[in-house]
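Please keep the sequence and the structure in view while reading.

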Amino acid sequence: MTDEPTNFLYPFIDGAADDPASLLTDLAASAQAKAAESLALRRSTLDANAELLDRAAAELARRFAAGGRMFTFGNGGSCTDSTTLARLFARPPIGRPLAAWSLTADPAILTALGNDVGFELVFARQLIARARAGDIAIAMSTSGNSPNLLAALAEARRRGLYTVGFAGYDGGAFVDNADVDCCFVVRSQSVHRIQEAQALLAYSLWSATHGRLGDPDVGAA
């Protein structure tokens, strides 16, 4: 086996050609351990954020009921997660559609802004153009330290949006930040486990928001 920087993830593969049966056993044990770790973290994260989820859902429901709209954004894997969250609100499998957009969805806008004003402002400038007081801004991150997310949250705060941050590790710069009304922190050192727990938190936020809007079918789904 070559000395690759990712070898630490599956150290038991080294020399596996000599004992394929043992390799299969080790692979199965590794998968089971990761699944158990993920489940435990998701449960503990939901428990730790239960009160915060309820408060955030109440505010989201209040703003949606008053005509507010949601804008989500993130980088890398968090870009995918933020797009999934916006799509869940806008085109749900059950319950009423709510006004939600991902600020990462249009590559023409992203590349134009990145080229013309800089990547740090690709989300903030979109909020300047589209957002208004009463809307909602949701930033998803594993570190909580991305400059373009922090710039967008600051812009959202100036414009009267309700700001929500998803972060991992210790929450980074999202925590105790005057520009972040609500911060969900997944306390893990693994990017994979963080994003898995954030996905459940995001789904729970969607479900709880519908519950506050009087749509009980969503909570039962």
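Two strands are said to pair if DSSP finds at least two bridges between them. The model described here is predicted. In it, an open sheet of 5 strands runs in the order β2-β1-β3-β4-β5, and the pairing is parallel.

**The sheet**

- Strands β2 (100-102) and β5 (182-186) stand at the edges with a single partner strand each, so one side of each has no neighbour in the sheet.
- On average, neighbouring strands of this sheet are turned by 15° against each other, with direction ignored.
- Strands of a sheet pair through backbone hydrogen bonds, either parallel or antiparallel.
- Strand β1 (residues 70-74) pairs with strand β3 (residues 136-140) in the parallel sense, over 5 bridges.
- Within β3, I136 is the residue that stands opposite M70.

**A helix on the sheet**

- Helix α3 packs on the sheet, where it touches β1, β2 and β3.
- The direction of α3 makes about 160° with that of β1.

**Aromatic rings**

- A pair of aromatic rings is described by the distance of the centres and the angle of the planes.
- The structure holds 5 aromatic pairs.
- One of them is formed by F64 and F89, with 5.7 Å centre to centre and 25° between the planes.
- This pair counts as stacked because the angle of 25° falls under the limit of 30 degrees.
- The pair links distant parts of the chain, as F64 belongs to helix α2 (residues 50-65) and F89 to helix α3 (residues 77-90), 25 residues apart.
- Both F64 and F89 are buried.

How values were computed. Residues are numbered from 1 along each chain as its sequence is written. This is a predicted model: local features need pLDDT of at least 70, side-chain atom pairs count only at pLDDT 80 or more; totals for chains, interfaces and linings use all residues. Side-chain values use heavy atoms; hydrogens and water are left out. Rings of Phe, Tyr and Trp (its six-membered ring) pair if their centres lie within 6.5 Å; planes under 30 degrees apart count as stacked, over 60 as edge-to-face and the rest as tilted. Helices (H or I, at least four residues) and strands (E, at least two) are DSSP runs, numbered from the N terminus. Buried means under 20% relative accessible area, exposed over 50%, partly exposed in between (1.4 Å probe, protein chains only). Axes are lines fitted to C-alpha atoms, for helices over the stretch in contact, and angles run from 0 to 180 degrees between N-to-C directions. Contact means heavy atoms within 4.5 Å.
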